[in-house]
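Visitor: I am new to this structure. Could you please take me through it step by step?

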Amino acid sequence: MPKMLEEKDWDILLKRIKNGKCTPFLGSGACFEKISVISQIANEWAEEYDYPMEDSYDLARVAQFVAVIEEDEMFPRDEICNRITKMSEEVTPTYFETPDEIHGVLADLPLSVYITTTYDDLMVQALKSRGKTPIQEICRWNEYLMQRKPMSSDFDPTPEKPLVYYLHGCYKIPESLVLTEDNYLDFLASISKDQNLLPPRIQQAFGGTSLLLIGYKITDWDFRVLCRILDEYIGRSMVRKHISVQLVPRNVSETHEEKAQKYLDSYFEDLHIQVYWHDCHEFSAELKTRWEAFNRDTTKIDTESRRRFPIEEKAAKISILFLAADPTNESRLRLGEEFREIQEKLKLAKFRDRFTLELPQLSVRPSDISQALLDTQPQIVHFSGHGTSTGALYFEDLEGKAHPIEHDALAALFEQFSDQVNCVVLNACYAEIQAKAIAKHIKYVIGMNQEIGDRAAIAFAIGFYQALGGGRSIEDAYRFGCIQIQLHGIPEYLTPVLIKKDQS
């Protein structure tokens with residue numbers, strides 16, 4: 001019976017992590033030392049309420065008993081939430097710095113989605129300790145939750161702004177907890193009844209990535225219910241290898257461990273889930289060590305390719321088209337300064353001979369856009385101007401006033417130039433909506449996920465074109481732009497977002 005992952009399994013797992021094609025699932029065993037609710041409270045309740053059965057370790061069954069005895073369905077949920085609230089107050093960012101702390105190790109990975117069946121927010125705290133901005137959402141499995149406003153309306157996560165999805169509820173909303181036996185049955189019924197109960201991005205994670213299940217036990221209700229859901233989504237997806245890191249059974253002979261392993265191997269055979277007995281600390285420490293080594297090796301391999309300019313173009317030079325609009329009835333922008341900074345940075349760049357910065361198209365009207373694209377045949381299109389909270393970009397009408405263009409119109413236009421334009425930069429407020437639409441046709445699109453000030457917009461342009469001029473990739477240039485905002489001491493460095501064609 002394998003106690004550790006084999007080399008080939010580690011190789012697949014690390015490559016999937018590198019490509020963002022891995023989704024961790026966290027069970028109660030992932031946090032048993034700090035938030036020891038599952039391991040302690042079942043036994044405490046069993047003793048306090050004189051639980052008559054032998055399975056006093058089974059929290060779902062004991063909680064069901066307590067709810068019936070107290071004649072209050074919310075009582076065990078409230079008690080669980082109070083316990084976690086108290087313990088969470090003791091957690092500080094330094095907790096996630098130890099090499100074998102699983103939340104901190106996972107937070108260092110370039111992943112966009114984390115799914116948890118625990119009720120705590122340790123994964124969120126770990127991500128924040130790494131300077132990331134996690135999005136949080138819960139599964140809306142009962143009527144009370146369906147009536148609540150979403151914790152977040154953003155379901156397009158990135159490694160810098162990952163989504164933490166509470167499948168079985170969060171302690172901050174006691175009504176969301178899937179705790180008792182009845183809760184688990186109701187949860188399964190809701191999932192089976194409504195195929196759209198899980199958001200599309202979560203369904204994509206279930207069926208479109210390699211799953212890493214950490215901190216589960218064969219007998220736990222959360223694990224058994226999760227397996228039923230996975231059977232639905234993995235069964236209809238492409239074949240991928242998945243890994244379940246099972247807690248080492250306590251006080252169980254090696255013979256019984258082998259029998260349990262054979263049982264799980266048979267159970268998960270059709271789902272391509274490989275089961276390994278691991279201590280969570282042992283696994284997280286090895287994952288950290290292997291990931292750091294793997295990341296160093298792949299970085300070395302990529303170094304030479306990064307030195308070559310990444311855009312494959314038919315023309316001898318890379319053409320950059322700068323479009324700008326500053327309608328007279330909107331607040332004035334420093335668009336001229338932004339163009340001058342781009343021009344200066346490219347003139348000083350090591351690979352300046354590879355670029356042609358076209359004459360700027362200012363006060364752009366709708367008819368000017370297509371004409372400029374036809375005339376200059378650019379590989380990079382940079383727009384600077386105003387955007388609305390609904391995602392429209394302001395161009396100018398014949399009188400110089402604001403003329404909004406919605407995302408579907410611009411996306412249709414760029415579709416006609418998809419074999420020519422490689423990157424679009426939308427340096428305007430709320431342009432992320434436009435970016436997502438255009439990215440259906442263009443390989444790289446950068447937009448802003450909220451308002452962005454002049455200083456931040458110009459700083460991003462400086463960093464972006466400095467990096468391009470230095471021969472770095474579009475993705476690297478995007479990161480340099482965000483870093484440049486930070487270097488200027490501006491708090492908007494998380495506002496720019498990069499959307500790739502295969503992510504739109």
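Guide: Let us begin with a term: two strands pair if DSSP finds at least two bridges between them. Helices (H or I, at least four residues) and strands (E, at least two) are DSSP runs, numbered from the N terminus. This is a predicted model, in which local features need pLDDT of at least 70 and side-chain atom pairs count only at pLDDT 80 or more, while totals for chains, interfaces and linings use all residues. Residues are numbered from 1 along each chain as its sequence is written, and side-chain values use heavy atoms, with hydrogens and water left out.

Visitor: In which sense do β12 and β13 pair?

Guide: Strand β12, residues 393-396, pairs with β13 in the antiparallel sense, over four bridges. Within this pairing, Tyr394 stands opposite Pro404 of β13.

Visitor: What is the order of the strands in that open sheet?

Guide: The order is β11-β12-β13, three strands with antiparallel pairing. At the edges are β11 (386-387) and β13 (402-405), each of which pairs on one side only.

Visitor: How many helices and strands does the chain have?

Guide: The chain has 18 helices and 16 strands.

Visitor: And what share of the residues is buried?

Guide: Buried means under 20% relative accessible area, exposed over 50%, and partly exposed in between, with a 1.4 Å probe and protein chains only. By that rule, 53% of the 504 residues count as buried.

Visitor: Which residues touch the most other members of the largest nonpolar core?

Guide: A nonpolar core is a set of buried Ala, Val, Leu, Ile, Met, Phe, Trp, Tyr and Cys residues joined through side-chain atoms within 4.5 Å. In the largest, which has 86 residues, they are Leu167, Leu198 and Phe206. Helix α10 (residues 221-234) gives the most to this core, namely eight residues. Another core, of 34 residues, lies apart from it and includes Tyr444 and Phe460.

Visitor: What is Leu167 in contact with?

Guide: Contact means heavy atoms within 4.5 Å. Leaving aside neighbours within four places in sequence, the partners of Leu167 include Phe187, Leu198, Phe206, Leu226 and Ile229.

Visitor: A change of topic: how many disulfides does the structure hold?

Guide: It holds zero disulfides, a disulfide being a pair of cysteine sulfur atoms within 2.5 Å.
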